[in-house]
Amino acid sequence: MLKDQRIGVLVDVQNLYYSARNLHNKRVNFQELLKEMVQGRKLIRALAYVIRTEELKEKTFFEALEKIGYEIKAKDLQIFVGGHKKGDWDVGIAMDAIELAPKLDVIVLASGDGDFIPLVEHLKRAFGCKVEIAAFGKSTSSKLIESADIFYDLDKKRKFLMTSTRKTFKKK
């Protein structure tokens with residue numbers, strides 16, 4: 001890790017949220033995640049990709065993410081005829097990563113979604129970026145782990161998990 005590396009952190013909030021809930025019955029500590037991923041390097045952008053639903057507590061959660069240094073990218077949950085719901089940011093995350101890559105040395109992608117494998121390979125090949133993946137190892141695509149320059153297994157450090165729905169965040 002070089003202190004002069006320019007880094008971007010892109011967080012697939014839903015992916016991490018459901019992994020933490022399903023694997024550990026806990027919530028993600030997004031403040032610790034950002035701090036650990038940056039590791040003293042030069043943070044250029046930190047983006048948190050979220051899905052809006054009808055829950056009132058989301059607004060408070062989104063504001064908390066902003067206070068700790070994330071830019072929020074939000075879109076509405078799609079509800080289809082028959083009740084099927086869909087909400088993902090895969091294409092949006094990929095587009096932002098490709099647009100940011102020329103300005104970065106390292107991209108941290110916080111997601112375990114194997115759909116990002118072609119993106120990781122493209123960022124490395126076309127832009128020469130190092131790509132680091134941060135996700136819960138038990139629910140992360142093994143091929144995504146293999147494609148990364150570094151994999152941070154969030155299952156291994158409890159500081160990335162919290163039990164409380166209420167968390168005070170320090171303003172950056």
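Q: How should I read the accessibility of Lys73: as buried, exposed or partly exposed?
A: Relative accessible area is sorted into buried (under 20%), exposed (over 50%) and partly exposed in between, with a 1.4 Å probe and protein chains only. Lys73, at 26%, counts as partly exposed. This is a predicted model, where local features need pLDDT of at least 70, side-chain atom pairs count only at pLDDT 80 or more, and totals for chains, interfaces and linings use all residues. Residues are numbered from 1 along each chain as its sequence is written, and side-chain values use heavy atoms, leaving out hydrogens and water.

Q: Which residue forms a salt bridge with Lys73?
A: A salt bridge puts a side-chain nitrogen of Lys or Arg within 4 Å of a carboxyl oxygen of Asp or Glu. Here the partner is Asp96, with the closest N and O atoms 3.0 Å apart. Lys73 sits in strand 4 (residues 71-76) and Asp96 in helix 4 (residues 90-100), so this pair links distant parts of the chain, 23 residues apart; helices (H or I, at least four residues) and strands (E, at least two) are DSSP runs numbered from the N terminus. Asp96 is buried, at 12%.

Q: How many salt bridges does a search of the whole structure find?
A: The search finds 9.
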